[in-house]
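Hi everyone, thanks for making time.

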Amino acid sequence: MSGNETKVESFEYKAEMKQLLNLIIHSLYTHPEIFLRELISNASDALNKVRYVQLTNDAIIDKDKELQIRITVDEKAKSFSIEDNGIGMTKEELIANIGTVASSGTLEFIKKMKEENKSAGDLIGQFGVGFYATFMVTDSVVIETRYADKDAQGYRWVSDGGGSYTIEAIEKAERGTKISFILKDERKEYAENHTVKEIINKYSNFADYPIYIGDEKINKVEALWKKSKSELVKEEVNEFYKFITNDFADPLDYLHLSIESAGADFKALLFIPSRAPEELLAMRHHHKSLQLYVNKVMIMDDCKDLVPEYLRFVRGVVDTADLPLNVSREMIQNSPVMGTIRTALTNKIIAWLQNMAQNDVVKYMLFYKDFSALLKTGVSTDFLNREKLIDLLRFETSATKPGDMVSLKEYADRTKETQKEIYYLAGDSRAAIESNPNFEYFRKHAIEVIYLIDPIDVFVVPSIHEYDKKSLKAIDKDDITLDAEDTKENKNDTALSQSLVAVFKNVLKDKVEDVRVSKRLVDSAVTLITGKGMDRHMEHMMKAMGRDTPASKRILEINLDHPIIQNLSKKHLANVPEETLNKYIVHLFETAQFADGDIPSKPAYVKRMIDIMQEATKQ
Ligand code: ADP
């Protein structure tokens, strides 16, 4: 390109990008200095990439140069620049990576910002809008970059954060990226040596590469996970976590591992974040799992094979000497060493959680609140650890205070010896479960019932089948064993009641699986339970997930002690017109459906209701 007249091309930002830039430029910041962390983190990533690529690719230039980050500031000129000799970017990458914001996190960012009216600096810290944080401290940015390949062309990208940017070809001999700008007047402190040093010490001490200002190396490059457990200082470990994850909050807990086993030796520094995965997923830096290092060289920054899916909430670093540095990622994934590490990590993480559950309930419940949905999927996918995972489950029950939770073990330990089953009931909330008619018998007899409130519980708990030699039973199903002496079966199960049941069956024949005299109702007249059909809540969940599941028929139970049923019985004896009786029966049935979350035909229901009220209010 040299010698030719340079061609400057202009590009428009996408609409979403413009909104984001506008917010960054026009908001107040409490932590504008995080721009530096974002730039160092990008430079670090670019160096990681080139370190890996140059192991196997001969066409990479500058192989013998020290991998480094260089910051140059000039107080008088208020100028700042950061340069790395990492992988660099092609023109296409410049457009794809810098010109657009790909992540869904950005939209979230914009929304949250508007909703919460928070200052952008805090939110940028949380969401990691990355490179664009630069516009907090400057009006105009220049990127000069060259991809690491020997034939690559250099490019200059310029933008003032308005609606557009330009790109032109330039001469650039060394690979890597240089980002430079003039600081806004009110941000000129970032052109001071000591300020920049201070910030780096705060945010970026763990960059894998030396950071130079002039000739002075200002960070300590150390692989924290290589230290022994006793050398680790909590504050430092927390900072490390924030550095590798871009999370702005401390982790909930960490675990240092140094494993020497037959299949593989490795060290690891693992973290549980303090916040929910959805929240983390909304952020661009947070979709990652564990980083894999081989002898302090990062091989993969999101190695999904290190732990099973249900443990993906764990963040951190795993470092082993037992994998070759220069083999393909596919080979690494298939190596037996990976298998060994994965098994060891899985066991250690589960033991970590068991330990937390036992010794620090408060912390465990914080973990549980945010991450149990993922953990629970392990019950049906990790057969080897199933029992341990079941013991890590926690539930509210009829015997706990709202919000408190117990394990199946605690439940089983305190049941009466005569109770041969473990009972549960699913519902949208504690209140919904407690107002379910099927719960009445259990309330009356103070039999503890586990509440399945988290939607995923409906998929997990029924699959457990048995715990501590007791069967797990849903109390809205027909196969539970209710204590015979307590039930009203014998007392009321006369020929008359049988004949009433027959009338119900006749009226509802297409609508129900069966009609029965209830043993479980105390206060309500009727209830619906599940017989052969699909579990109620499972059905609702499937519907919510867009699966077209036909509603299965259910069993209607009637409470012979209830005044309505007794009145109906009298009317039946007195031979009132069939229509009248039918109307009451259908209405009772539909009311039970209603209570259960299924709304029958509204006009018919309402009309019948009006009819019944009219009769009831007749003088
Ligand atoms: P993030 O780092 O979260 O992906 P950024 O907006 O900070 O978001 O950067 C966008 C992308 O631009 C990066 O993912 C990377 O591909 C590219 N990039 C940014 N800085 C550099 C750099 N110094 N060297 C090479 N590529 C870079």
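I'll start with the overall picture, then go through a sheet, a helix pair and one serine.

A quick word on the ground rules: this is a predicted model, where local features need pLDDT of at least 70 and side-chain atom pairs count only at pLDDT 80 or more, while totals for chains, interfaces and linings use all residues. Residues are numbered from 1 along each chain as its sequence is written, and side-chain values use heavy atoms, with hydrogens and water left out.

Overall, the protein has 22 helices and 22 strands; helices (H or I, at least four residues) and strands (E, at least two) are DSSP runs, numbered from the N terminus. Of its 619 residues, 52% count as buried, meaning under 20% relative accessible area, with exposed being over 50% and partly exposed in between, using a 1.4 Å probe and protein chains only. Taking contacts (heavy atoms within 4.5 Å) between residues at least 6 apart in sequence, 72% join residues at least 24 apart.

Now the sheet. In what order do its 5 strands run? The order is 10-11-14-12-13, in an open sheet with mixed pairing; two strands pair if DSSP finds at least two bridges between them. Strand 10 (253–260) and strand 13 (297–300) are the edges, each pairing on one side only. From one strand to the next, the twist averages 20 degrees. Strand 12 (residues 290–294) and strand 14 (residues 315–320) pair in the parallel sense over 5 bridges, and L292 has V318 in strand 14 as its bridge partner. Helix 10 (residues 336–359) packs on this sheet, touching strands 10, 11, 12 and 14, and its direction makes about 40 degrees with that of strand 11 (265–272). For these angles, axes are lines fitted to C-alpha atoms, for helices over the stretch in contact, and angles run from 0 to 180 degrees between N-to-C directions.

Next, the helix pair. Helix 21 (residues 578–595) and helix 22 (residues 602–617) pack at about 125 degrees, with their axes 11 Å apart. That makes helix 21 oblique to helix 22: under 35 degrees counts as roughly parallel, over 145 as roughly antiparallel, 65 to 115 as roughly perpendicular, and the rest as oblique. The contact includes Y584 and F594 of helix 21 and M609 and I612 of helix 22.

Finally, is S81 buried or exposed? S81 counts as buried because its relative accessibility is 8%. This serine lies in strand 3 (residues 79–84). Leaving aside neighbours within four places in sequence, S81 contacts R70, I71, T72, K178, I179 and S180.
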